[in-house]
Every structure is written in structure tokens, then in C-alpha cells.
Number of protein chains: 2
Amino acid sequence: MPKIEVCLTPALLNLYAIEHSIVVVIDILRATSSITYGIENGAAAIIPVMNVEDCLNYADMGCLLAAERNGEVVKGYDFGNSPFSYTADKVAGKTIVLTTTNGTKAMRMAQERAHQVIVGSFLNLTSVSNYLKKENKDVLLLCAGWKDNFNLEDTLFAGAVVQQLRNDFAVADDSSVAALDMYQLAKGDLRAYLKKSSHSHRLIKLNIEEDVQFCLKTDVCKTIPVLEGEKLVALFN
Amino acid sequence: MPKIEVCLTPALLNLYAIEHSIVVVIDILRATSSITYGIENGAAAIIPVMNVEDCLNYADMGCLLAAERNGEVVKGYDFGNSPFSYTADKVAGKTIVLTTTNGTKAMRMAQERAHQVIVGSFLNLTSVSNYLKKENKDVLLLCAGWKDNFNLEDTLFAGAVVQQLRNDFAVADDSSVAALDMYQLAKGDLRAYLKKSSHSHRLIKLNIEEDVQFCLKTDVCKTIPVLEGEKLVALFN
């Protein structure tokens, strides 16, 4: 029986042997949700980068550039990080460069060692879980967190995956147990639970309540983005 | 209102500004429980060290030496890490050198920057909480974890402290919220909850069930061990 583990922040990734594992990167608000939605809606590829300056390197390559600062689209960029920007009419056939500090860091760190890096969000929860069951390899659920800190929303999603996989995988660490229990506690109303989060005030200030509501929707998408080189593309399985 | 935060493993300690904080080091199974019980029972001081070899440096100083390997007292040492070794008849007036890898690491790291480092365990839960309320300073609850990994038992204790302090402190990070919720879930039967732990099998193999039961008893002690230089001594407050 393969094992499933939960890494609560990228700062703890070095504790996990992932050479033969599929790593699921989780950055619910909002990077991995927007990426899932964009790939679902036909984006050719999404390139995650660490910061706005990195985005500029792709300006002349015909990519769409997505960057936000303090909740506003950066001047001269095509759009921000809201999943609502990633609709088919805007992204189909396009390559998008997306600024996401925590998500990019987690993906790049995992990519250095992992067998495979895929992207998870509530939007493609069951699709990701079914793929993991089918592959039958060890799994690490990697929470991108917030500047290396633990956060609730990424951990809740990890718990949702553990719930779907726990009969087929060995739950191998205490963080998986914690994530599962927190998810069980929160699943009746994820949005209400997250009001307890330290980011709650920050989210209200950013005026992204509609984004948050959307990022907590379950199984709106079937696609699984997979990291190939620097690009996230649709996984064919 | 001062704030309370929970650091889930020593590997995340660098994320917290603790220069003006009281840090409570938590290593429930069994270091901070045994330390609390030993100081309660009149030990003059307890010196935490990283490994058995470090213990030997104190052999000629009239200290009692405590070290275990694989659940057995190391040959030639006075006793192991069981709290039952730290009774008044054995420790009153004595200085004990105690081998504890995770606990020592957490204490030394905290000591480099913190205003004060004290030791917490279920045994002195309310005593620690009352002291923190009285001092009215920022608090960091530092889980010693297991080789830098998150663990359930230390997090549950952190949650128990958050529960006692939450009306007097600002709960400032998501890990405090998680710890509190886990404690609420587990408090009816802490031992049963910990059976889900990844250490559960290890604990059974070590044959320390009586130790575990004792380490989960609440408010058996009034003392608060405080780190002064390399020694833990009773805090006068």
C-alpha cells in the first residue's frame, strides 16, 4: 500500500523523501485554483513565476502576463490572480505567465526531487484523488502556505484529499491526521471556518470575497495541471 | 492585548519574532513532562543535553545522568527518561543531566532570541497559563516535534494553552487556530486521540504506556521550569 503524507509548509519539504512520489502542490488562495481553472478552460500552458519582475522576461514571447499587487492588476499587465480572469474567452490557446510567490516556490522545490509535480485545488479535488489512486505511488500533499508559514486553507484541502485516499493509502504522518480532522470539522462550511484564519482580514481588505467563494467550490473542473519543465500543462491520463 | 502564536516545529522558529516574547517549549513525550515533574519534586536543576555523549561531560560534577536508547536506561547511567524516575526520593536537591534531542534543540534555539524560555506540559498546564496571563507579554508556544516534524501530542498541548488564554490574548496565526480545534476534538480522551499518531506504534514498542498516560495528566504540578543559562530551575513568580 503506498503512503500519503502532508507537508504543512515548503520550509519542511526537506524532511520528506519524494524521489518516487507524486507531489500535489496546494495554494488554494488563489494560485492553484486559478491555474486549475485556466488549464480547464483551454490555456495552452501556465508558467508560474516568483515575482512581477520575472514576468517581464516573457513579455516579448506572446504570453499573457498576470500580476497583482495589493489586490490590483499591475499597470500594463493583462490580468491579475482572480480565477475569474481565467475564462475560456480570455485564455483558450494562450500561454499565461502567473506571478505567485508561495506557489512557485513550492513547485520549484518539489520539482528538484519529485517523480512528478501536479496542481491541486478544491476545483479538481476528485479528479486529483482518482488519478492518485490509479497511479498507486507514494503521495506528498505540499501546502504552499504563506511565506513559509502554515495556513488553514491549504491544510483543509490536504485533509480533503486524505479523506478520499485513506482507504487506499497508508496515512503516514501526524500532519495527515491533523489535516483530515480539520477538514472533517470544517467541511460543512469551509468559508465560515476560514473566517478564523489569520488571513481573514487581509482577504477582506483585498476585496476578493467572490474569488474566495469560487476557490472553495468542489469538483468544478476535471483537468489536472502537471509541471513539465517550467510550464504547467494539462495532464493526459 | 498581547498575542499568542504556535510554532509547530523548531524548523519554523525563524519565522517568529520572539525578542520580547515568553517562549513555552513543549515536548510532551516525555522531556518537558519529566522536567516539570522533576523540578516539582525538588530537583535543584535539570540540564537538557542533545545526546548521550554530551551527558558524559557532567559525569564528574556530581550530577545524576539520565539517558535512554531504545527505551532502555543506558548502562552506567542513573536513570532514563520516564517521568517516574523523577520522584522526590531520587531527585530532591540533585542536579540531573537529561538527554533529549528534540527538547534540547528547541530550548537552545529559543534561548538565542527570546525574552524568556519556560517549560510546559499537561502536568503544569494551568500554572503555565496563569503565569502567561499575569506577565501579559507576547507568547510563542514552541512544539519540539520529532526530528523537525510536526507531531500531534505537542500541538494538542499548545491548543490547551490557547484555550486558556484566548480571551486575554490575540490569537495571531493559523497554527493557533488549528491547535485549538484539534485540542477541542481530542480533549475528551487525549490518549485515544493519540492512537492515531504516527508515533503510536513506536510508543507501544518502547513499552512506555504508563509514561504516556502520566504525561497526559493535567495539573498535577504547580512548578514552572525556566531556562537560566544551561540549567532549568524553578521559576519564582
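Do the copies meet through the same surface or through different ones? In this predicted model, 100% of the interface residues of chain A are also interface residues in chain B, so the copies meet through the same surface.

The contact involves 23 residues of chain A and 23 residues of chain B. On the chain A side, helix 6 (152-165) and helix 7 (174-186) each supply at least two residues. Helix 7 of chain A gives the largest share, 7 residues. Sorted by class, the side of chain A that touches chain B has 11 nonpolar, 7 polar and 5 charged residues.

Next comes the interior. In soluble globular proteins, nonpolar side chains tend to be buried together. Here the largest nonpolar core has 166 residues, and A:Leu142 and B:Leu142 have the most contacts inside it. Leaving aside residues up to four places away in sequence, A:Leu142 touches A:Cys7, A:Pro10, A:Leu13, A:Val23, A:Val24, A:Val25, A:Ile26, A:Ala106 and A:Ala110.

Strand 11 (residues 225-228) and strand 12 (residues 231-234) of chain A run antiparallel and are joined by 4 bridges. Between these strands lie 2 residues, and A:Gly229 in this hairpin takes a positive phi near 60°. Strand 11 of chain A has a covered face, A:Pro225 and A:Leu227, and an uncovered face, A:Val226 and A:Glu228. A:Val226 has A:Val233 of strand 12 as its bridge partner.

How values were computed
Residues numbered from 1 in each chain as written. Chains lettered and ligands numbered in written order. Predicted model: local features only at pLDDT ≥ 70, side-chain atom pairs only at ≥ 80, totals over all residues. Contact = placed C-beta atoms within 7 Å. Nonpolar A, V, L, I, M, F, W, Y, C, P; charged D, E, K, R; others polar. Core = buried A, V, L, I, M, F, W, Y, C linked by C-beta atoms within 7 Å. Buried ≥ 20, exposed ≤ 12 C-beta atoms within 10 Å, placed from the backbone. Pairing = 2+ DSSP bridges.
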